[in-house]
Amino acid sequence: MKAEIAVERRQSAGSTPYEQKFQYDLQDGMSLLNVFELIEKGDPSFHFSHCCDNACCGICGVMCNSKPGLACRIKAEPAMRVTPLKNLPVFSDLVCNRESYDAQRTPSMLSSFPLNRIQGTICRMSLDAQENVKTAARCIECLCCLTVCPVFSQRCDTFGGPCHFALIASRCLDPRDNTDRHSQLVQMGIDHCVLCGKCSSVCPAGADPAHLISLLKEKL
């Protein structure tokens, strides 16, 4: 089947975006990422991000028909319009600049906890706590949640965003963690979160950041 995709492109950061359309043969089981690879074969100047092709690396996120998602998991359709992820600076074409996000992702945020077994004690974890930590650990930092977060769109310099809070939750909700997370959460602006739930509705990994943020707020 003949299909067409419209892609928002730009030559470099800060350059004027423009739309370019490509035609291709749509085949069963084809993903949006497969379409990108076809475009790249015909136009080596076309830029997009990908790595694992298995919804694990989190770097192939794009907006497809105005909805965020992973290119490797979005099913190709006869008519699609693709743009870079919203609320993020763009290097070129569909490649977003993650430097500001990574700069906020401090080593202290990701610091681990001491192994209590080595200290001679056993830390017991409830089933609820285990489930919450497992949920938080699903975050692959694809940044799809940032595209729909109403607070991040207005406070990107002072609000960490749902994915940052999911990372903190993967440590903070573990009873073995003894790092001061209060100051981290306040610095990231967790008080500004309105718990609208939009982040959880678009999370491709099922990390449910809205629920995690509500649990973190309870701990403040």
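This note comments on a helix pair, a pocket and an aromatic pair.

1. The model is predicted, so to speak, under stated limits: local features need pLDDT of at least 70, side-chain atom pairs count only at pLDDT 80 or more, and totals for chains, interfaces and linings use all residues. Residues are numbered from 1 along each chain as its sequence is written, and side-chain values use heavy atoms, with hydrogens and water left out.2. Helix H3 (residues 127-137) packs with helix H6 (residues 162-172) at about 145°, the axes being 8 Å apart; helices are DSSP runs of H or I with at least four residues, and strands are E runs with at least two. The contact (heavy atoms within 4.5 Å) joins Val133, Ala136 and Ala137 of H3 to Ala166, Ala169 and Ser170 of H6. By class, five of these residues are nonpolar, one is polar and none is charged.

3. The lining of the largest pocket includes Cys64, Lys67 and Glu77. Strand E4 (residues 67-70) gives the largest share of this lining, four residues. By class, the lining has four nonpolar, two polar and four charged residues.

4. Five aromatic pairs are counted, with ring centres within 6.5 Å; planes under 30 degrees apart are stacked, over 60 edge-to-face and the rest tilted. The ring centres of phenylalanine 22 and phenylalanine 46 lie 6.2 Å apart with planes at 55°, so this pair is tilted. Phenylalanine 22 belongs to strand E2 (residues 18-25), whereas phenylalanine 46 is in the loop between helix H1 (32-42) and strand E3 (61-64), 24 residues apart.

Conventions
Axes are lines fitted to C-alpha atoms, for helices over the stretch in contact, and angles run from 0 to 180 degrees between N-to-C directions. Ala, Val, Leu, Ile, Met, Phe, Trp, Tyr, Cys and Pro count as nonpolar, Asp, Glu, Lys and Arg as charged, and the others, Gly among them, as polar. On a 1 Å grid over the protein atoms alone, a cavity is a set of points where a 1.4 Å probe fits but cannot get out, and a pocket is an open set with protein on both sides within 12 Å along at least five of seven lines; lining residues have an atom within 4 Å of a point. Rings of Phe, Tyr and Trp (its six-membered ring) pair if their centres lie within 6.5 Å; planes under 30 degrees apart count as stacked, over 60 as edge-to-face and the rest as tilted.
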